[in-house]
Amino acid sequence: MAILAVQGMSKSFGALKVTDDVSFELAPGEAMGIIGPNGAGKSTLFNLISGNLRPDSGRVVLDGRDVTYESAMQRCSSGIGRSFQIPQPFDHLSVYENLLVAARFGGSVSAAEAPGFCMDILERAGLAHLATHKAGALPLLNRKRLELARALATRPRVIMLDEIAGGLTDAECGELISTIRAIHAQGTAILWIEHVLHALNAVVSRLMVLNFGRMLMVGKPDEVMAAPAVREIYLGIEA
Amino acid sequence: MKNALGLLSLLVIVAALAVVPLFGLRALVQDLFMVLCLLVLALNWNMLAGFAGLVSVGQQLFVGVGAYVMFAAAILWGLDPLTGGLIGGLVAMVLSVPVAFFVFRLNGAYFAIGTWAVADIARLSFSQWQALGGGTGTALPRGAARDMPGVQLLREVLGVSPAAAVDMLTYWLALGLVVAMLVASWIFLRSRMGLGLQAVRDNPVAARSVGVDPVRLKALVFLLTAFATGLCGALIFIQTGRISPDAAFSVIDWTAFVIFIVVIGGIGTLPGPIIGVLVFYGLQRLLSDYGTVYLIVLGVIGIVVMLFARRGLWGGFTQWTGVNLLPLEHAPPKRPDTGIRRNTRSVHGE
């Protein structure tokens with residue numbers, strides 16, 4: 001059975017349909033990439049799945065349970081973790097405390113286990129040396145790392161990553177890929193919105209293409225990237 | 001080490017304050033009583049605005065309700081004022097439930113105005129309570145305060161007049177309330193819920209996405225501060241002995257001054273309100289002969305601090321020196337060798 005199933009999801013802002021009848025399933029432990037031009041409704045889809053936005057119609061089913069009417073914090077506790085495209089750190093808390101909140105609430109980690117648990121994630125995300133720094137003072141790159149680390153601290157069964165590879169150097173991107181592969185290897189299902197295709201293709205086994213809120217195509221990465229329709233809308237190449 | 005020193009100095013200050021009534025003049029005891037009560041109110045408002053992000057301009061609602069219920073208990077039901085004060089605090093807390101139901105639908109400035117409006121509705125409603133003097137108010141019956149448990153004992157042990165014994169008792173209760181507020185705030189803010197609360201204050205959307213329920217935490221703080229504020233309101237008016245709707249529900253005395261104290265001292269820190277109340281008291285003593293000028297100076301100082309020292313005097317001090325009394329931070333565990341790292345990794349396997 002799918003760990004996450006989205007069925008007939010639609011959302012409009014006024015006359016603009018930002019998500020239009022999107023349906024897909026994610027198998028346990030599967031990694032799927034989501035691509036599409038700017039404004040295709042990728043982040044909106046994440047907000048609908050995480051519960052930050054209410055859909056006009058459609059359902060979200062997590063591990064066989066309908067969570068469409070659950071709040072964002074309930075869904076987090078049930079196992080949906082997310083990062084934000086524009087980082088949303090808790091500015092006045094330290095980097096370590098940012099993770100501690102996530103671990104103690106969404107992750108239900110005990111008080112005794114939480115410190116070691118959080119430091120371990122910080123080390124993997126390359127933030128351990130900044131643990132005591134205030135999150136509000138971090139530069140953009142480390143804010144993105146914190147987004148990933150904080151989402152991991154909620155102990156998600158499905159983690160949704162929203163453009164975390166943009167702006168990284170090749171070496172940093174390589175580190176990020178190995179971090180995400182390690183998450184994947186532990187059995188966490190991944191939904192990943194990304195414009196950096198080589199990073200995406202190093203991890204995911206399927207790609208979904210969104211355009212004007214509609215699902216254009218789903219399939220193996222090389223098949224999807226070879227499809228004329230995708231090349232036209234995504235790469236701007238005439239078929 | 002620094003923390004132990006800070007804690008010790010706080011204990012010394014509390015002990016010094018505790019013995020003041022044994023030596024001090026009654027005027028000083030009465031002054032300090034009001035300082036301590038303002039500090040209780042400031043610690044409560046700091047919890048609301050500084051930690052829960054609830055900028056209320058209506059906390060005089062709970063001061064007034066606590067005080068009026070205490071008066072009702074003493075005059076109408078024949079209870080002693082201390083029991084009445086406790087009931088006052090509880091009634092304030094119960095009242096905060098329907099109030100929260102209305103004002104929690106509002107955010108930011110709308111929330112502030114909403115709380116103010118509710119407090120003013122209460123002021124007007126209580127001025128209709130003819131049994132307690134309506135709009136002009138009333139006084140505690142002679143002897144009501146003197147019948148409080150403990151007053152007789154103080155008179156016998158210390159050989160003081162009844163009025164002085166009442167002053168002493170209310171003073172010590174106010175001091176006790178300050179200590180209880182400080183200890184309770186510190187424990188709460190260092191707890192899991194306190195951490196969640198600070199996350200909500202910084203970013204409610206992200207807090208929801210890591211599993212924190214903002215409404216539940218904010219409602220809890222609103223409820224508990226209503227209780228403590230109501231208790232403090234009752235205590236103030238036991239000592240004053242007279243009540244009127246305008247005095248009990250005064251937005252200037254119980255909210256504007258309190259906001260000034262917290263902002264000057266350092267909002268969102270525990271020692272901030274303590275520093276703020278000292279500055280406020282000093283200015284009051286210095287400028288009380290100049291009437292209106294006093295309020296103008298307070299306003300100007302408030303504006304200057306807001307513009308140039310946003311984190312208040314204490315916030316600026318900690319930034320400057322690195323010294324932090326009553327720190328709220330959770331320190332990350334020390335990791336000297338990498339062996340420990342491998343052991344804790346098993347947590348992920350669950």
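**Cores and strands**

The largest nonpolar core has 155 residues, and those touching the most other members are Val101(A), Trp192(A), Phe222(B) and Phe237(B). By nonpolar core I mean buried Ala, Val, Leu, Ile, Met, Phe, Trp, Tyr and Cys residues joined through side-chain atoms within 4.5 Å; buried is under 20% relative accessible area, with a 1.4 Å probe and protein chains only. Helix α2 of chain B, residues 26–51, gives the most to this core, 17 residues; helices are DSSP runs of H or I, at least four residues, and strands are E runs of at least two, numbered from the N terminus.

This is a predicted model, where local features need pLDDT of at least 70, side-chain atom pairs count only at pLDDT 80 or more, and totals for chains, interfaces and linings use all residues. Residues are numbered from 1 along each chain as its sequence is written, chains are lettered from A and ligands numbered from 1 in the order written, and side-chain values use heavy atoms, leaving out hydrogens and water.

Now the strands, which count as paired if DSSP finds at least two bridges between them. In chain A, β1 (4–13) and β2 (16–26) pair antiparallel over 7 bridges. Lys11(A) has Thr19(A) as its bridge partner. The two strands form a hairpin with 2 residues between them, and Gly14(A) in the turn has a positive phi of about 65°.

Chain A also has an open, mixed sheet of 6 strands, ordered β6-β7-β8-β3-β9-β10. β6 (80–82) and β10 (214–219) of chain A are at the edges with a single partner strand each, so one side of each has no neighbour in the sheet. Within chain A, β3 (31–35) and β9 (206–211) pair in parallel over 4 bridges, with Met32(A) opposite Arg206(A).

Note on methods
Buried means under 20% relative accessible area, exposed over 50%, partly exposed in between (1.4 Å probe, protein chains only).
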